[in-house]
Amino acid sequence: MSNDHSGRIRMMQGNEACAEGALVAGCRFFAGYPITPSTEVAEHLSVKFPKIGGRFIQMEDEIAAMGAIIGASLTGMKSLTATSGPGFSLKQENIGYACMAEVPCVIINVMRGGPSTGMPTLPAQMDVQQARWGTHGDHGIIVLSASSAQESYEQTIRAFNLAEKYMTPVILLLDEIVGHTTEKVIIPDESKIEIVNRRKPAEKPKDYLPYRETEDCIPTLAPFGTGYRYNVTGLCHNETGFPTNDNKIIGKLVHRLVKKIVMHADDIIEVKKTMLDDAEIGIFAYGSVSRSARSAVLKCREMGIKAGLLEPKVLWPFPKKEVLAMARKVKAIIVPELNMGQMAREVELASRCAVPVHKLGRVDGNPIDPREIVDMIKGVV
Amino acid sequence: MAEEQSASKKPAVIRIKLEWCKGCEICVAFCPKKVLVMEGGKAKVENPGDCIKCMLCELRCPDFAITVE
Amino acid sequence: MFNYLEYIREKNFPHIWCAGCGDGIVLKAILRAIEKSGISLDETVMVSGIGCSSRTPGYVDMNTLHTTHGRAIPFATGVKHGNPKLNVIVITGDGDATAIGGNHLIHAARRNIDITVLLYNNYIYGMTGGQCSPTTPTGSRAATAPFGNIEPPFNTSGLAIAAGASFVARADVYNVANCEKMIAMALAKKGFSLVEILTPCPTAFGRRNKMASPVKLMEWLRDNAVPAAKWKKMTEEERRGRMETGVLMDVDKPEYTAEYEKLVTSLRTGK
Ligand code: SF4
Ligand code: SF4
Ligand code: SF4
């Protein structure tokens with residue numbers, strides 16, 4: 001990757017910023033299927049990848065795209081797919097496979113309204129719970145959120161870093177507004193960007209166990225073709241990667257898949273706080289809505305209302321501690337979001353009834369106006 | 001070729017791995033020389049002298065249980 | 001005697017397949033074909049879907065990937081496109097490849113990506129207990145066709161040919177020598193290759209269709225899977241209900257990963 005745009009300022013769509021972030025993160029494989037409003041990620045990489053030897057492929061459907069990135073990742077390639085609501089539903093089975101087999105990969109979902117075909121060109125945040133629980137079975141997962149083109153760029157890089165570090169699929173959620181808004185992105189010097197690559201086995205092939213029990217719960221999967229001949233399966237398996245019916249081993253495996261994320265939550269979770277220190281009203285908002293929330297905070301402050309904002313950059317694992325800390329300080333929490341209260345529910349749980357939690361949900365395809373948030377805050381005060 | 005001929009004149013050594021044999025009878029049914037029989041639900045070598053080393057039993061055993069040398 | 005032990009994961013034996021299941025016969029033919037073609041186990045990836053045949057990778061000592069139902073071909077496409085140096089073999093069944101995975105099969109054939117698909121056709125869903133599949137013959141009984149199947153079956157090889165596969169063959173486990181030969185030819189082919197292997201499922205298919213014993217099913221294959229040379233001399237009447245075996249399609253055409261590589265080179269050198 002050349003350094004030709006180091007430290008430069010560029011105008012980009014959120015979707016394009018994702019593609020650029022992926023390139024910097026070292027992603028060299030993309031498989032996808034056309035879908036609004038995420039297609040620009042694929043289009044951008046279809047131009048860039050062949051020029052640098054990266055691999056692009058348009059698959060026959062969403063399911064195939066998800067399968068292909070898992071296959072490619074097992075050859076050692078950092079792999080990406082991008083989709084939206086209906087496609088995200090179709091990918092769920094193989095996302096579960098990546099969780100179970102612990103294959104790092106990144107899935108970008110530029111959220112549009114649902115259910116079903118819903119609103120292909122209008123924004124929503126209706127997939128935040130699906131991102132957590134969309135695939136069947138107990139599992140841990142990492143879900144990031146971006147609220148601007150700048151964050152789309154940075155969060156894509158972080159998504160790859162977390163995927164490689166924790167050997168897990170990572171989902172990055174944008175909404176249609178973020179995906180399609182063209183705005184300024186500051187691209188830092190590449191030498192200043194942290195890049196994480198998956199561990200390589202230290203032992204010889206004959207001593208190698210792909211799913212060896214380790215203290216950090218993270219497996220070490222050698223790329224196919226490097227002399228480590230092991231088995232990967234979606235069935236419950238033991239340390240060797242072969243299926244097992246041993247209940248003790250099965251129990252341990254599922255526990256570990258969940259624990260792998262939970263025990264590293266502090267490393268994964270990231271929140272941004274705006275004027276929260278003295279706030280009496282706390283807002284919890286993510287994605288494009290957090291931008292309306294930020295301007296609502298400023299308007300409130302002008303009016304003498306002490307509002308503050310907690311913006312989770314990581315939706316899952318959910319930032320429970322941060323929400324509880326806010327709940328203990330403020331008099332009420334407002335959760336504006338482009339769904340009927342999917343994250344408000346988590347906020348309520350995490351705040352342990354310390355304060356009332358007010359939902360401000362919108363599901364008609366319109367963005368949330370800062371004035372709506374201000375009005376609700378005024379009502380609460 | 002001379003070597004091969006003399007090798008094939010050696011009597012056949014037919015081995016059956018009883019732990020892996022599932023008793024499907026395929027080897028017995030299709031042996032052209034009736035070398036094999038079933039006994040107690042497993043294949044058994046009955047007339048090794050008649051074996052012509054056609055290898056069909058080894059090739060068709062689904063369980064890697066029979067070998068002919 | 002062929003030394004299978006060099007190629008298998010012996011500790012996983014005896015395998016899980018039923019007595020007389022043809023899957024083990026195919027597995028052995030694959031191992032012999034691999035030896036013949038001289039490909040390195042380190043550089044070979046075997047990918048499978050879900051079903052009885054898809055348990056094959058667990059028994060071979062290579063890079064093995066047991067995926068989700070119907071999806072072996074997309075995973076394999078990712079492996080091959082990710083590292084074109086690897087030899088990629090897909091093990092799949094009639095249900096896995098022609099029902100839930102049918103879309104992937106035709107598109108991989110159309111794309112002509114260099115993977116070898118070994119499709120075990122036993123006319124039934126074995127692992128789930130004998131439900132009818134897209135290849136169950138009309139009139140045959142299945143757990144979900146208790147009065148006989150009223151649907152017409154797929155001609156699986158014909159489907160792959162129509163979709164653009166560069167090599168298609170049919171084989172059966174009675175005629176083991178031909179089975180091994182077809183697999184070896186498919187492995188050697190640069191491009192999408194498919195071998196449809198007719199193989200008995202005594203447990204889920206045979207028992208419902210008056211062929212409960214493995215021997216009966218092998219006899220049925222002996223009498224109904226007809227080598228190409230003989231097939232050519234048969235009348236329409238004689239062909240009815242029988243299947244032609246041997247090479248059904250063999251052409252050279254541009255292969256996907258090679259075409260992609262050409263694109264990369266031309267963009268880099270401006271040529
Ligand atoms: S090698 Fe041929 S003749 Fe000898 S036992 Fe086997 S099938 Fe019979
Ligand atoms: S073919 Fe193999 S498994 Fe079947 S009876 Fe003979 S030795 Fe046993
Ligand atoms: S159910 Fe049929 S296909 Fe499955 S292992 Fe048994 S015989 Fe083989």
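Me: How many salt bridges count between chain C and chain B?

Reply: The model is predicted, so side-chain atom pairs count only at pLDDT 80 or more. Between chain C and chain B the count is 1 salt bridge.

Me: Which side chains meet in that salt bridge?

Reply: Glu10(C) and Lys17(B), at 3.8 Å from N to O. The cut-off is 4 Å, so the pair qualifies. Lys17(B) also lies over the face of Trp20(B), at 3.6 Å from the ring centre.

Me: How many residue pairs are in polar contact across this interface?

Reply: The rule finds 9 between chain C and chain B, with both residues at pLDDT 80 or more. On the side of chain C that touches chain B, two elements give two or more residues: H1 and helix H8 (214-224) of chain C. H1(C) gives the most, with 6 residues.

Me: How do I read the size of the interface?

Reply: Interface size is often given as the accessible area lost when the parts come together. Here about 2000 Å² is buried between chain C and chain B. Carbon and sulfur atoms give 69% of that area. In chain C, Met1(C), Lys28(C) and Val215(C) lose the most area to chain B, together 30% of what that side buries. By contact, chain C supplies 28 residues and chain B supplies 21 residues.

Me: Which aromatic pair crosses between chains B and C, and what is its geometry?

Reply: Take Phe64(B) and Phe13(C). Their ring centres are 5.1 Å apart and their planes are at 70°, so the pair is edge-to-face. Phe64(B) sits in the loop between helix H3 (56-60) and strand E4 (66-68) of chain B. Phe13(C) sits in the segment before helix H1 (23-37) of chain C. Both residues are buried. Lys28(C) lies over the face of Phe64(B), at 5.4 Å from the ring centre.

Terms used: Residues numbered from 1 in each chain as written. Chains lettered and ligands numbered in written order. Heavy atoms only, no water. Phe/Tyr/Trp six-rings, centres within 6.5 Å; stacked < 30°, edge-to-face > 60°. Helix = DSSP H or I, 4+ residues; strand = E, 2+ residues; numbered from the N terminus. Buried < 20%, exposed > 50% of the residue type's maximum accessible area, 1.4 Å probe, protein only. Lys NZ or Arg CZ within 6 Å of the ring centre and 35° of its normal. Contact = heavy atoms within 4.5 Å. Buried area = accessible area lost by both parts, 1.4 Å probe. Polar contact = N/O pair within 3.5 Å; in protein donor to acceptor, adjacent residues only side chain to side chain.
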